[in-house]
Amino acid sequence: MNTSRRTFLKTSATALLGFPAVLRAQNLNSKLQIVGVGCDGKGFSDLSEIGSHARAQFVGFCDVDSNRFTKIDQKFPGVPRFADFRQMFSKLGTGVDAVVVSTPDHMHAAIAMEAMRQGKHVYCQKPLAHSVWEARQLRLQAAKSRVRTQMGNQIHSASEYRTGVKLIREGVIGKILAVHSWQRNSGNGHTKLSAPPASAPVPESLNWDLWLGVAPQRDFAPDVYHPFKWRDWQEFGAGTMGDFGCHILDPVFTALGLGSPVSVRADNEGLNAHTWPSAETIQYVFPGTKYTAGSTLPVTWYDGGRLPNPALAKLPPGVELAKAGSIFIGEGGVLMQPHVAMPQLFPIEKFSGFTIEKQPASNHYHAWVDAALTGTETSDNFEYAGPLTEAVLLGNVATRIPGVKLEWDSAAMRLPGHPEAERFLRRSYREGWTIQAVG
Ligand SMILES: NC(=O)c1ccc[n+]([C@@H]2O[C@H](COP(=O)([O-])OP(=O)(O)OC[C@H]3O[C@@H](n4cnc5c(N)ncnc54)[C@H](O)[C@@H]3O)[C@@H](O)[C@H]2O)c1
């Protein structure tokens, strides 16, 4: 037995308490055997980062578009390729320990759920899921399968966000009265469409049926769905809130220890039956925590060019609100956390002698590989990322019923008195693609 294998088994033996027995059965060499689903776009960067871990080994790559393997093939040659993740799981079976999910949002839950049901560790892109119900099921399944998980909002582990979180937790601006967060992008800014365009022939490289997956049948059209522009469409993406909420609200959740909101209300412009609104404001109320001034905390989200009142930030002349980010309004000052840059403290006179100590980054990708190999825990696991994603996607439920304050009964997953909103908590699945609730 070589040293690395001996070390692995020794590490495993000490870490196995509370760790899935399935890992022992599956992989007794020293490397984590990983498959990637979605190999270009963000998938290429996820797989490149994860593959740079000395104990990561790819055993399968899956993409529904055969043209999208080019870069990953060059970087990691000789790895078997698949179009359908279900066939890949079935063919490779217990030879797979862990799965990286980097597909469009509408497929995250179907792939991650199947992986966890089979006892595999999961790294899944943000937002964790496409509906509130799916985010809840993923959290429950991760706990049930006792696998190691990480959401792909990698900035969670970046120096800039960790620094802001530490300052808030240390009380540098006192207890928090309110938070305002924004991203200037528009919810249908990639296509600017409000209805599906005329159909066109499907490119030979693309399996359109597999790309649609859980979503209802619709005709292919070029340059509006695959790649990247699916974000604008309600059936596939989650608008600007889904694209950036899990990034920008992450330091808000981590710093303040937030969980489920008690209510949400949204208004917007440009809503139609197909794409996300061009601009919106979403107002949450969360239960207070030990870091907040009151028994409740208002958190307001703005996108599509809407912004908080800059006067709230107490910015000095010549300083503007960041392109995207948050302002934490504290009893003793304001912290602006840009997305992604170092936090700033205001009013400037009050904090002129204060030195912000930069916190080190941690490797978001390697932390997940380490957790899967040794049984340590990740900080962005589904226990944390599930409720964050639920809150983000609850905002998208509110945006579909503009101007109505929705009380959220998180335990029952109900919006009492608003059945018209409740139907958006969960999507319908195309025949053959139903996701079963965690039993
Ligand atoms: N964390 C970040 O900073 C960050 C940045 C960009 C995107 N993302 C997230 O990454 C995910 C992918 O976004 P993107 O911009 O790369 O999209 P994209 O459309 O550019 O790429 C998606 C890739 O997945 C493939 N794919 C689509 N459906 C598939 C399926 N069912 N099975 C296998 N492969 C499939 C596509 O062919 C393509 O190669 C999204 O969830 C997005 O929100 C995260």
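This report describes the fold, helix packing and selected residues of a predicted model.

## Basis of the model

Local features require pLDDT of at least 70 and side-chain atom pairs count only at pLDDT 80 or more, while totals for chains, interfaces and linings use all residues of this predicted model. Residues are numbered from 1 along each chain as its sequence is written, and side-chain values use heavy atoms, with hydrogens and water left out.

## Overall fold

The protein chain holds 14 helices and 14 strands. These are DSSP runs numbered from the N terminus: helices are H or I with at least four residues, strands are E with at least two. The C-alpha trace spans about 60 × 55 × 40 Å along its principal axes. The radius of gyration is 22 Å, which agrees with the value near 22 Å for a compact globule of 439 residues. That radius is taken over C-alpha atoms, and the globule rule is 2.2 Å times the number of residues to the power 0.38.

Of the 439 residues, 57% are buried. Buried means under 20% relative accessible area, exposed means over 50%, and partly exposed lies in between (1.4 Å probe, protein chains only). Among contacts with a separation of 6 or more, 71% join residues 24 or more positions apart. A contact means heavy atoms within 4.5 Å.

## The α7 and α13 pair

Helix α7 (residues 132–145) and helix α13 (residues 382–399) have axes that come within 8 Å and cross at roughly 170°. That makes α7 roughly antiparallel to α13. Angles over 145 degrees count as roughly antiparallel, under 35 as roughly parallel, 65 to 115 as roughly perpendicular and the rest as oblique. Axes are lines fitted to C-alpha atoms, for helices over the stretch in contact, and angles run from 0 to 180 degrees between N-to-C directions.

From α7, the contact uses Val132, Ala135, Arg136, Leu138, Arg139 and Ala142. From α13, it uses Phe382, Glu383, Gly386, Pro387, Thr389, Glu390, Leu393, Leu394 and Val397. The contact residues divide into nine nonpolar, two polar and four charged. Here Ala, Val, Leu, Ile, Met, Phe, Trp, Tyr, Cys and Pro count as nonpolar, Asp, Glu, Lys and Arg as charged, and the others, Gly among them, as polar.

Helix α5 (residues 85–92) buries Phe85, Met88 and Phe89. They cover an arc of only 95° around the axis, so they sit on the same side of α5. The arc is that of the directions from the helix axis to the C-beta atoms. An α-helix has 3.6 residues a turn, so residues three or four places apart point the same way. The face of α5 turned away from the buried side carries exposed Gln87, Ser90 and Lys91. The buried residues of α5 pack against β1 (32–37), β2 (56–62), β3 (81–82), β4 (98–101) and α6 (108–117). Just after α5, glycine 93 takes a positive phi of about 50°.

In helix α3 (residues 42–51), the buried residues are Gly43, Asp46, Leu47, Ser48, Ile50 and Gly51. They pack against β1, β2, α4 (70–75), β4, β5 (121–124) and α12 (364–374).

Alanine 109 lies in α6. It is buried, with a relative accessible area of 1%. Beyond its neighbours within four places in sequence, alanine 109 contacts Leu128, Ala129, Glu134, Leu138 and Ile435.

Threonine 163 is buried at 1% relative accessible area, and serine 159 counts as buried at 10% relative accessibility. Leaving aside neighbours within four places in sequence, threonine 163 touches Met342, Pro343, Ile356, Glu357, Lys358 and Gln359. With the corresponding neighbours left out, serine 159 contacts Lys358, Gln359, Pro360 and Ala361.

## Backbone features in loops

The peptide bond from histidine 339 to valine 340 is cis, with omega near 0°. Valine 340 sits in the loop between β12 (333–338) and β13 (344–346). A cis peptide bond also joins phenylalanine 346 and proline 347, with omega about 0°. Proline 347 is in the loop between β13 and α12.

Lysine 192 is not a glycine, yet has a positive phi of about 55°. It lies in the loop between β7 (176–183) and α9 (208–212) and counts as exposed at 65% relative accessibility. Lysine 314 has a positive phi near 55°. This lysine 314 is in the loop between β10 (296–303) and β11 (324–330) and counts as partly exposed at 46% relative accessibility.
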